[in-house]
Structures are given as C-alpha cells and as structure tokens.
Amino acid sequence: MPLSTPKATILLQAAIKYLEEELMPTLTGYHRFKTRVTANVLNTVRRELELRGAQASAERKRLGALLGHDGEVEELSRELAQKIRDGAVTLVDPKLRTHISQSLHDALAINNPKWFDR
C-alpha cells in the first residue's frame with residue numbers, strides 16, 4: 001500500500017472526532033443516541049485494528065505453549081476447547097487460567113476498555 005494513504009485508524013479517529021465533537025452536540029433524542037452508538041462501534045473497530053495483531057500473536061504463543069505445538073489461533077483454540085471438554089486439560093491448570101485471564105483482558109481492551117477503570 002502506498003505510504004501516502006492515511007492509516008485506517010487515523011481515518012476512523014477523524015470520523016469519531018466529527019461525530020462526538022461536532023455532530024452530537026447538535027442532536028437530541030433518537031439521533032443523538034444512534035450517533036453515540038455509531039461512534040462506539042467505530043472506536044471498537046479502531047481499537048481492534050490497533051491491538052488485535054499483537055494480541056493474536058501473543059495468544060498463538062500461549063496456545064502453542066499449552067498444547068505443545070504451533071498452529072493458527074482459531075485451530076488451536078478449538079483444540080484446547082476439545083481438550084477441556086475431554087478432561088485432558090483441567091480448569092485448575094495455572095497455564096490455562098493465565099491464558100483465559102489474558103484472553104479476557106485482551107477482549108476487553110478492544111470491546112470496552114472503560115471496564116479497566118472500574
């Protein structure tokens with residue numbers, strides 16, 4: 001991709017800024033609510049673009065360590081779920097608990113980082 005093309009995250013941030021700072025103050029009721037929802041969706045997409053690559057790489061490493069081999073995140077996650085169902089990996093396994101905790105943290109960082117402030 002040419003370097004002159006703005007990054008998607010910068011374009012999203014500009015759209016969000018317009019919605020939140022210029023459009024929303026002029027709206028009331030239903031349209032203000034829908035604009036807030038739209039800005040929240042765009043913020044979620046922006047955070048996913050910014051964070052998901054590094055998160056997926058770390059998740060892949062954690063899953064590889066748990067299962068003893070490499071693979072794609074989705075395949076490894078399915079395999080881990082099956083091993084949990086079969087009882088081959090127990091829910092009290094410290095490595096599993098660390099993996100689940102980090103995965104939830106990563107999901108919240110994208111979906112609703114305000115939960116970290118509570």
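The model is predicted: local features need pLDDT of at least 70, side-chain atom pairs count only at pLDDT 80 or more, and totals for chains, interfaces and linings use all residues. Residues are numbered from 1 along each chain as its sequence is written, and side-chain values use heavy atoms, with hydrogens and water left out.

I begin with the helices, which are DSSP runs of H or I of at least four residues, numbered from the N terminus. Helix α2, residues 29-67, packs against helix α3, residues 73-86, at an angle of about 40°, and their axes, 10 Å apart, are lines fitted to C-alpha atoms over the stretch in contact, with angles running from 0 to 180 degrees between N-to-C directions. On the α2 side, the contact (heavy atoms within 4.5 Å) includes A56, E59 and R60, and on the α3 side V73, L76 and S77 are among the residues involved.

I turn now to N43, in helix α2. N43 is buried at 11% relative accessible area, where buried means under 20%, exposed over 50% and partly exposed in between, with a 1.4 Å probe and protein chains only. Beyond its neighbours within four places in sequence, N43 is in contact with Q13, I16 and E20.

Finally, R36 also belongs to helix α2. This residue is partly exposed, with a relative accessible area of 30%. Neighbours within four places in sequence aside, R36 touches E20 and M24.

Methods: Helices (H or I, at least four residues) and strands (E, at least two) are DSSP runs, numbered from the N terminus.
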